[in-house]
Structure formats: C-alpha cells, structure tokens
Amino acid sequence: MNPTDHILDLTGWIARIRNCEMPVFGRTVDALHTLMEDEKASASALAQVILKDAAMTTKVLRLANSAFFNHAHQGVSTVSRAIVVLGFDPVAELALSVSLVDSLLSGGVRSRVHEEMARSFHAAVQARWVAMKRGGGQGEEVFIAALLMRVGEMAFWCFGGEQARSLDRCMTQSGLKDDEAQQVVPGFPLRQLSVGLVREWRLGPLVAAALEGRPRASGPERAVVLGHKIAHVAEQGWESLAGRQLLRELADYLELSPSAVSQEIVANSAVAARIASTFGSTAAAGLIPQGNLPVQPTQEAVVLPSGPDPLLQLRILHDLAAMTVGRSDISEILQLAVEGVFRGVGCERVILAMLTPDRRQLRGRLGLGTGAEALCARFVFSMDGDPDDVLDAAIDSAQACRIQPSRLEAPGTERLLGVTGCDEAFLVPFGTPYRQIGVLYADRDGKPGDEERWMAIRHFAIQVSLAVSLRGEG
C-alpha cells in the first residue's frame with residue numbers, strides 16, 4: 001500500500017485502478033470496444049483478441065456451451081464457432097466480463113470481493129430473466145450490464161489495501177450504514193467509483209443509465225436495477241417488508257402471480273451459482289442464496305491443447321463438414337479452419353492466404369497466433385509461374401510443401417523465409433479440383449514440425465477445398 005493512498009480522492013482512485021491496478025483489463029476493453037464499434041471488424045479479429053489469452057478462451061467456450069447462453073444447444077468447440085452461434089457482440093461482451101472477473105480475483109479483502117461478485121452474478125441472472133419475461137430481447141446485454149454495475153465496489157475491495165481493510169472494520173464494527181461508512185473512510189460512496197470506472201472504460205450506456213438512476217419505466221435499465229434489488233433482498237430474506245414489497249412490484253411489472261415470481265427467482269439463484277462457477281468464481285457461487293435448490297455441478301472446462309489434439313481436430317472437422325453441407329458463409333468456414341489448425345493441430349502461427357482476383361498475387365487474409373496479424377499483413381507474394389518455386393508450385397500444381405532446414409535451397413523458400421522468418425513450416429494449398437485459390441501456412445514459431453501435424457493440416461486443407469468446390473469459389 002502506497003503511503004499516500006489515504007489522501008486519494010475519487011479521481012485519484014479512478015486513475016490508480018485504471019493505470020496501476022488494472023491496466024491489462026483496460027487494454028482488453030479498448031481492443032474489444034474497437035472491434036465492437038467497427039462495422040467492418042471480422043470474426044477473425046475478435047477471435048485473435050480472445051485466443052491471445054488461454055484462460056479467457058477456455059472460459060468463453062465454457063460459457064458459449066452453457067444452456068444459459070447457447071439457446072440453440074449447438075456444440076461449440078472453437079471461438080470462431082462461438083461467434084457464429086452466439087453472435088459477434090455477445091461473444092465480445094462475454095470476453096470482456098471474463099477479463100473483468102479474472103482481474104478481480106487476485107486478492108484484497110477477499111470476503112468482500114466474493115460478496116460483491118456473488119451479488120453481481122445473482123443480479124445479472126435475475127436481471128436477464130426480468131428482461132426476457134418483458135420480451136425486450138436484450139437479455140445478454142442486460143446480463144452484462146448488471147454484472148458490471150458494481151465494478152467500483154469490487155475494484156476497491158480488491159485493490160484498496162489498508163483503506164479497504166479500514167472500511168471493512170468500519171462497516172462491521174461502527175454500526176454505521178454502508179454508505180455512511182464509505183463517507184467516513186474513502187470519503188465518497190463506492191457507487192461513484194463504479195460510475196467513474198464505467199465512464200473511463202466505456203462499459204456501455206445501459207450500465208451507466210442504471211447506475212445514474214435514469215431507468216426508463218419499462219426499458220432494459222429497469223431490468224438491471226430490479227436484478228440488483230432481487231439480489232440485495234435475497235441476502236436479507238424475503239420475509240422482510242422490503243422482500244414482500246419487491247415481490248409485489250415484480251408481479252405487477254411482469255404480469256405474473258407473486259407465487260410464480262418467487263418460484264422463478266429461487267430457480268434463477270441456482271442458475272446464478274452455476275454461472276459464477278463457470279466464470280471461475282466458485283467462492284462467489286457458494287455465497288448466492290439458494291433457497292431449497294442445490295447447486296448443480298458445472299461442466300468440465302475445455303482445455304486448450306499444448307500440442308495436437310486429435311479429438312478437437314475431429315470435432316472441428318465435423319463442424320466444418322456440417323457448415324459445408326449447410327452452405328454456411330465461406331468466410332465463416334475459412335475462419336473455423338484457421339482456428340482448427342491453430343488450436344487442434346497446435347501451431348503457434350497460422351495464415352490463410354488467397355489469390356487476388358487477377359491471380360497475380362497471394363495475399364494473407366486471416367491469421368491467428370503470436371504476431372499473426374502483422375505476419376498476415378506482410379504475407380504478400382507475386383505469382384511468377386516458376387514451376388520450381390514452392391509458392392508457385394502450391395498454386396499451379398497443388399503441391400503441398402514442408403519447409404525444413406535441410407530444404408532451404410529449394411526455389412522460393414528464401415522469399416518465404418524473408419517474410420515469415422521461420423525455417424520450419426507447413427504450406428498446403430486449397431481450392432477446386434481444377435484450380436487452387438489459396439494456401440494454409442502454419443509454423444511453430446521456430447520449433448520443429450512433425451508428421452502428425454503435417455497430415456492434420458492437410459486434412460483441414462482438404463475440408464476447405466471441399467467447401468470451396470461446393471460453393472463454386474475461384
């Protein structure tokens with residue numbers, strides 16, 4: 001704890017949390033917001049942001065497979081498939097939420113952090129239920145807004161150091177109400193810290209409106225506010241006057257009987273506990289009031305492979321086949337194939353390159369892995385028609401090639417290495433039976449390849465070729 005922390009005002013706390021305590025989260029927020037605000041942003045770009053963080057990838061996939069988010073109950077093995085099934089913005093918002101929760105599970109006054117997180121998860125599930133019952137169609141957006149509404153409280157308890165411990169003692173021992181104790185110790189309501197952080201990180205107009213007390217009579221903001229009311233009252237007990245009043249308010253708002261409302265609220269609390277566990281906050285899950293319903297076990301996590309994963313490859317190839325037969329958009333098929341090579345085959349960098357319409361250049365179109373975005377931009381080669389050149393041969397004669405140190409004198413290898421800087425790589429063409437239109441390039445960032453990966457990448461190229469042929473591309 002810095003000796004000057006005790007004199008920080010609200011502005012100082014916002015700056016400290018943003019710049020010193022949670023800079024990684026801030027960068028993730030900026031990256032995701034940039035994509036969400038860009039109408040031309042690709043699924044590949046979003047997948048690239050998520051796949052940079054293995055823990056985030058695992059949790060996003062677990063959530064994407066949960067019945068809570070995946071209403072169609074379609075199996076999701078890859079981030080690319082999650083974007084197809086759930087949508088671009090929902091997956092981006094899930095990634096943002098996962099990043100936030102991970103950032104706040106690092107320490108501080110742990111009991112308070114877990115209490116706030118439990119309250120937020122509970123409120124998020126209840127708010128989504130309210131929104132869905134009203135037929136607003138913004139369930140996922142409401143869930144995220146309710147989850148983020150107490151971001152300032154969670155951040156203060158996590159990073160507040162001695163001030164947080166002093167506030168904890170004041171709230172526990174002084175007999176003051178929580179907001180009164182907050183005026184005594186940090187000197188401002190923690191709610192204002194939430195307002196400030198929501199603005200700094202641009203966490204959305206919905207959560208800002210709910211925090212600033214501007215909920216419309218029947219808009220999604222009201223669902224967010226009601227979700228937090230439900231979570232708060234559940235902690236106090238539904239037999240209280242506040243509990244009975246809230247049940248009547250909900251029954252009137254949702255046009256349901258009080259008994260129906262109470263039954264669904266209790267069921268939702270069990271769902272909230274499962275969702276909190278899926279996000280990785282098992283301690284918070286145990287603090288959510290459960291009534292008489294037990295907490296059900298969560299699904300086993302999807303583990304990112306450190307090497308080739310034959311089962312994951314099989315699932316992705318199956319998805320590719322289904323998308324091909326179903327005539328899915330070719331860009332979605334290509335994106336899924338790239339992710340299959342990246343995660344299923346276990347390569348560090350994967351580039352999908354395609355010929356320009358005049359067939360004079362081969363240009364990178366999609367990329368995943370460390371530095372893949374920059375490599376994709378550099379992956380530009382002229383097609384000169386030299387039958388011995390590895391790149392020309394891939395396009396003109398459908399010849400796949402393994403780049404190895406023992407074969408660096410092969411024509412065309414030098415210009416490929418000049419761009420990739422890697423003397424161990426795989427280069428596999430794809431296209432129709434009569435004309436190749438692109439290549440899959442993959443490497444292990446300098447580590448040797450092997451026969452298992454070589455064969456697996458060729459299988460993915462075959463599946464892409466089948467999709468291209470059926471769609472009449474090229």
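1. Let us begin with one term: two residues are in contact when heavy atoms of theirs lie within 4.5 Å. With that in hand, look at Phe143. Setting aside neighbours within four places in sequence, Phe143 is in contact with Phe68, Phe69, Ala124, Val125, Arg128, Ile275 and Phe279. Please keep in mind throughout that this is a predicted model.

2. The largest nonpolar core has 135 residues, and Phe143 and Phe279 are the ones with the most contacts inside it. Helix H7 (residues 110-134) gives this core its largest share, ten residues. There is also a second, separate core of 23 residues, which includes Leu355, Leu362, Phe381 and Cys422.

3. How far can you trust the picture? The mean pLDDT of the protein is 86, and 92% of its residues reach 70 or more. Two stretches call for care. Over residues 1-5 the pLDDT is below 50, and this stretch has eight contacts in the model beyond near neighbours in sequence. Over residues 292-305 the pLDDT is also below 50; here the model has 25 contacts beyond near neighbours in sequence. Where pLDDT is low, the predicted coordinates should not be read in detail.

4. Next, the overall layout. The protein has 23 helices and six strands. Taken along the principal axes, its C-alpha atoms fill a box of roughly 85 × 55 × 35 Å. Of the 474 residues in the protein, 53% are buried. If you take the contacts between residues at least 6 apart in sequence, 64% of them join residues at least 24 apart.

5. After H18 comes Arg327, whose phi is positive, near 60 degrees.

6. Which residues of H18 are buried? They are Leu312, Gln313, Ile316, Asp319, Leu320, Met323 and Thr324. These residues cover an arc of only 135 degrees around the axis, which means that they sit on the same side of H18. On the other side of H18 you will find Pro310, Leu311, Leu314, His318 and Val325, which are exposed.

7. Thr324 belongs to helix H18. Its relative accessible area is 3%, so Thr324 counts as buried. Apart from neighbours within four places in sequence, Thr324 is in contact with Ile333, Gln463, Leu466, Ala467 and Leu470.

8. Ser194 makes a second example. This residue is found in helix H12 (residues 190-200). Is Ser194 buried or exposed? Ser194 has a relative accessible area of 0%, so it is buried. Not counting residues up to four places away in sequence, Ser194 touches Met149, Arg150, Val151, Gly152, Glu153 and Leu211. As for Ala118, Ser194 lies 76 residues from it in sequence and 17 Å from it in space, C-alpha to C-alpha.

9. Finally, the aromatic rings. A pair of aromatic rings is described by the distance of the centres and the angle of the planes. The count comes to ten aromatic pairs. In one of them, the rings of Phe68 and Phe69 have centres 4.9 Å apart and planes at 90 degrees, so the pair is edge-to-face. Phe68 is buried, with a relative accessible area of 13%, and Phe69 is buried too, at 5%.

10. Compare that with Phe426 and Trp454. Their ring centres are 6.0 Å apart and their planes are at 20 degrees, so this pair is stacked. Phe426 lies in strand E5 (residues 425-431) and Trp454 in helix H23, so the pair ties together parts that are 28 residues apart in sequence. Phe426 has a relative accessible area of 2% and is buried; Trp454, at 9%, is buried as well. Elsewhere, ring pairs link Trp13, Phe156 and Trp157 into a cluster.

Key:
Residues are numbered from 1 along each chain as its sequence is written. This is a predicted model: local features need pLDDT of at least 70, side-chain atom pairs count only at pLDDT 80 or more; totals for chains, interfaces and linings use all residues. Side-chain values use heavy atoms; hydrogens and water are left out. Buried means under 20% relative accessible area, exposed over 50%, partly exposed in between (1.4 Å probe, protein chains only). Helices (H or I, at least four residues) and strands (E, at least two) are DSSP runs, numbered from the N terminus. The arc is that of the directions from the helix axis to the C-beta atoms. pLDDT is the predictor's confidence in each residue, from 0 to 100. A nonpolar core is a set of buried Ala, Val, Leu, Ile, Met, Phe, Trp, Tyr and Cys residues joined through side-chain atoms within 4.5 Å. Rings of Phe, Tyr and Trp (its six-membered ring) pair if their centres lie within 6.5 Å; planes under 30 degrees apart count as stacked, over 60 as edge-to-face and the rest as tilted.
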